[in-house]
Amino acid sequence: SLFHEALSAGVQMVYRDPIMNSNAATPLTNRVGAQIVLKGTTAQMKYQAEYGYAGQETGKTPFSTPNDQVGGKLLWEWNLPLVTPKIEFSRFTNNVDGDPTRSQSIANQQKISLNWTIPNWPDLTLNYRRTQTDIFIRPEGPLSDAITTESVSANLSFLHGAGKGDWSSYYQTTQSEFGENGREEEIGSNMSGTLNLLEPVDLPPMWGFTRRVNSRGTMANDRFFANLGSRFRISPTLTLNPGVEFTRDLNRFDALRTDTLSAKLGYAYLAAD
């Protein structure tokens with residue numbers, strides 16, 4: 001703690017022992033990682049700054065920095081009476097060891113979200129995200145592609161005595177400066193939930209659709225799906241999970257339709273101790 005709750009700092013470090021894996025000859029930088037975090041809270045605000053480094057072979061770590069990446073992010077949140085705005089900025093670079101035989105990418109991301117929480121009303125979340133990824137043939141080499149992705153999404157969560165549900169929709173565009181497909185658009189929506197009809201039985205249905213098209217007219221794919229699952233609690237230790245799923249894929253460019261119907265049966269046992 002630096003200034004009570006207003007600001008605190010923490011450092012995490014990890015080292016992967018080369019004796020425990022077959023890649024003992026790799027450089028030390030590939031097997032170490034470190035991350036520093038500064039965060040704090042006031043009466044209504046939360047804020048956090050992170051910066052980290054993780055080698056290519058660090059393995060599973062508690063970091064928010066993925067393996068083979070270096071970078072950081074800033075987060076800010078304001079807790080107002082009915083709405084909570086959040087802002088996040090991040091920048092990460094991969095190929096941290098500078099391997100000249102591998103490409104390198106730099107990803108910059110901005111994210112803004114608004115969460116509405118009103119008593120006795122469904123919770124509503126609106127998100128906007130923009131990611132700019134520059135891909136280089138090699139570290140300090142020429143630019144091979146620049147991809148910009150923008151997306152907006154909405155999520156509505158509601159709770160009822162008979163269960164709970166979520167409805168979400170999104171729209172996303174991807175623009176590639178050098179790619180053959182040029183601009184791609186994707187839209188999707190799905191609804192899921194859990195119905196508690198009887199005490200030992202839960203029904204978690206899900207259905208929705210996605211559509212993907214590109215500006216060159218070489219891709220026009222639709223997908224419709226519906227999944228009806230169930231949970232039968234036979235006893236405190238035994239649960240059966242039967243379900244069916246239907247998926248329809250439409251490739252309008254090739255005039256191809258594929259229908260898939262599948263069924264599954266799951267069984268779970270949890271010992272009393």
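This is a short talk on the fold, surface and a few single residues of one predicted protein chain.

Some ground rules before the details. Residues are numbered from 1 along each chain as its sequence is written, and side-chain values use heavy atoms, with hydrogens and water left out. Since the model is predicted, local features need pLDDT of at least 70 and side-chain atom pairs count only at pLDDT 80 or more, while totals for chains, interfaces and linings use all residues.

I will start with the whole chain. How many helices and strands does the chain have? There are zero helices and 16 strands. Both are DSSP runs numbered from the N terminus, with helices being H or I of at least four residues and strands being E of at least two. The radius of gyration is 24 Å, well over the 19 Å that the globule rule gives for 273 residues, so the chain is more spread out than a compact globule. That radius is taken over C-alpha atoms, and the globule rule is 2.2 Å times the number of residues to the power 0.38. Along the principal axes, the C-alpha trace spans about 60 × 55 × 45 Å.

Next, the surface. Of the 273 residues, 26% count as buried. Buried means under 20% relative accessible area, exposed means over 50%, and partly exposed is in between, with a 1.4 Å probe and protein chains only. The accessible surface comes to about 17,400 Å², and 60% of that belongs to carbon and sulfur atoms. These areas come from the Shrake-Rupley method with a 1.4 Å probe; for residues, only the protein chains shown count as cover.

On contacts, meaning heavy atoms within 4.5 Å: among those between residues at least 6 apart in sequence, 43% join residues at least 24 apart.

L203 is found in strand 11, residues 201–203, and is partly exposed at 22% relative accessible area. Not counting residues up to four places away in sequence, L203 touches G193, T194, L195, L197, G229 and S230. L203 and L228 are 25 residues apart in sequence, and their C-alpha atoms are 7.2 Å apart in space.

The other is I135, in strand 7. I135 is partly exposed, at 22% relative accessibility. Leaving aside neighbours within four places in sequence, the contacts of I135 include Q104, S105, P142 and L143. A146 is 11 residues from I135 along the chain, with 6.1 Å between the C-alpha atoms.

Now to the loops. Most residues other than glycine have a negative phi. Here are two residues with a positive one. N95 has phi near 55° and lies in the loop between strand 5 (83–94) and strand 6 (104–116). E140 has phi of about 60° and lies in the loop between strand 7 (123–136) and strand 8 (143–160).

Is each of these two buried or exposed? N95 counts as buried, at 1% relative accessibility. E140 is exposed, with a relative accessible area of 83%.

Last, the aromatic rings. Rings of Phe, Tyr and Trp (its six-membered ring) pair if their centres lie within 6.5 Å; planes under 30 degrees apart count as stacked, over 60 as edge-to-face and the rest as tilted. The count by this rule is two aromatic pairs. For W76 and W78, the ring centres are 6.1 Å apart and the planes are at 50°, so the pair is tilted. W76 is partly exposed at 27% relative accessible area, and W78 is partly exposed at 29%.
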